[in-house]
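Please keep the sequence and the model in view while reading.

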Amino acid sequence: LSKNAHSAQKRHSGEPYFNHSYETALKLIEWRLDAPTIIAGLLHDVAEDTPISLEEIKKQFGEEVAFLVEGVTKLGHVKYRGQEAQAENLRKMILALSKDLRVVLIKLADRLHNMKTLGAVPPQKQKRIALETYEIYAPLAYRLGMQDLAGELEDLAFPYLYPKEYQWLFHEMKDKYEEREKYLKKVEPTLIQALEENKVKIIKVDYRAKRYSSLWRKLKRYDMTLDQIYDLVAMRLIVKTIEDCYATLGIIHKLWPPLPGRIKDYIALPKPNGYQSLHTTVFCIDNKPTEFQIRTEKMHEEAENGIAAHWVYEQGKGEAGYLDKRPTFAPKKELVWVSQLREWQKEFPDAEEFLDSLKIDFFRDRIFVN
Ligand code: MN
């Protein structure tokens, strides 16, 4: 249906419009969302941009899919034009308007593909979309625990917002990244051997290169030079259990002395968005400060997919029951501010009243400093 409905349309790049719907749906599959969400991903621009009506979608695919498509269509009308003071309210509004987090997830998948293809869009529009992504959608993804997505969205927006800075970083960093990776490859065998001797089973080792956008923020915020950044490329160790995480930390510290103040236990004290890992920076081979990140597979999955990792729905609980559906696992881990938001929605059946209530900040326990 989507392919036919969009058949007369092309993207700015000249490719068939349906490619966009398809890519959006593929992303939702990658996040392992349920079938109605994936269908809605395919249909998300149909009601707005083609002759097919929401009624028709409801008739063919049922109320749940129509509800999701309608939600995404509504979000399409929320636009950010750069007043920073409004950014936080806008993020809340997006969540409130969505009524169901799956709508936000479709919107994020949609935005990701739009960002990947932003090069073909007219310059004026590029700037607006990139800014909105940087200020609204990337932070939203981050709050939902989707750190990887947040970073990717930021990095895609960065060259459009700060072209000169991006060029500079890109040229400066290219060699440095390679140099750091080569160095870490030299470190790896020593560490693996020590872990094996101590019977810690390593599931995966990879290198995490710091993203341009976060590197730039760090340089600017702390007035640093590139040589002062220790975590340009960090070694990431995925192990089996939480005990293994701490054992690995101990083994690393036995091999190389840690830098004071750089040991972070996000397992005992997760970040507000749910992120868990152990981080440490040590004076490694040749005395080079080097960052290690240690986590279990489950933490790794959650760091990549965030709320989507928890968002597995029970299948078919009768008609119109979809609004009451609850995640089938790890409900405790559901992010506090998301469940709070949902509670509030129950208290304020009137949409306007609910939006008013959002003006009271629900991050009462946290202080934000600009
Ligand atoms: Mn779209």
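Which side chain meets that of E291 in a salt bridge? The partner is R262, with an N to O distance of 3.2 Å. The model is predicted, and every value below was computed from it.

**The chain as a whole**

- The secondary structure of the protein chain comes to 16 helices and 5 strands, and buried residues make up 49% of its 370 residues.
- Among contacts with a separation of 6 or more, 67% are between residues 24 or more positions apart.
- The protein chain exposes about 19,000 Å², of which carbon and sulfur atoms supply 53%.

**Salt bridges**

- Side chains of opposite charge can pair when their charged atoms come close.
- With a cut-off of 4 Å between a side-chain nitrogen of Lys or Arg and a carboxyl oxygen of Asp or Glu, the count comes to 18 salt bridges.
- Salt bridges that share partners join D34, E64, D100 and R102 into one network.
- Because D34 lies in the loop between helix 2 and helix 3 while R102 lies in helix 7 (residues 101–116), the pair ties together parts that are 68 residues apart in sequence.
- D34 counts as buried at 9% relative accessibility, and R102 counts as buried at 0%.
- E132 and R111 also meet through their side chains in a salt bridge, at 2.6 Å from N to O, and both residues are buried.
- E132 belongs to helix 8 (residues 123–143) and R111 to helix 7, so this pair ties together parts that are 21 residues apart in sequence.

**The sheet and the helix packed on it**

- The 5 strands form an open sheet in the order 1-2-5-4-3, with mixed pairing; its edge strands are strand 1 (202–209) and strand 3 (264–265), each of which pairs on one side only.
- Strand 1 and strand 2 (residues 233–239) pair in the antiparallel sense over 7 bridges, and V233 in strand 2 is the bridge partner of A209.
- Helix 13 (residues 297–305) packs on the sheet, where it touches strand 1, strand 2 and strand 5 (289–296), and its direction makes about 100 degrees with that of strand 5.

**Positive phi outside glycine**

- R32, a residue other than glycine, has a positive phi near 60 degrees; its place is in the loop between helix 2 and helix 3 (35–43), and R32 is exposed, with a relative accessible area of 54%.
- D286 likewise has a positive phi near 60 degrees without being glycine; D286 is found in the loop between strand 4 (278–283) and strand 5, and at 58% relative accessibility it counts as exposed.

**A nonpolar surface patch**

- Y22, L26 and I29 form a nonpolar patch on the surface, and together they have about 270 Å² of accessible area.
- Of these residues, Y22 is found in helix 2 (residues 18–30) and is partly exposed, with a relative accessible area of 42%.

Definitions and conventions: Residues are numbered from 1 along each chain as its sequence is written. This is a predicted model: local features need pLDDT of at least 70, side-chain atom pairs count only at pLDDT 80 or more; totals for chains, interfaces and linings use all residues. Side-chain values use heavy atoms; hydrogens and water are left out. Patches are made of residues with over 30% relative accessible area and no salt bridge: like charges are joined within 9 Å, nonpolar side chains (Val, Leu, Ile, Met, Phe, Trp, Tyr) within 5 Å. Accessible areas come from the Shrake-Rupley method with a 1.4 Å probe; for residues, only the protein chains shown count as cover. Helices (H or I, at least four residues) and strands (E, at least two) are DSSP runs, numbered from the N terminus. Buried means under 20% relative accessible area, exposed over 50%, partly exposed in between (1.4 Å probe, protein chains only). Two strands pair if DSSP finds at least two bridges between them. Contact means heavy atoms within 4.5 Å. Axes are lines fitted to C-alpha atoms, for helices over the stretch in contact, and angles run from 0 to 180 degrees between N-to-C directions.
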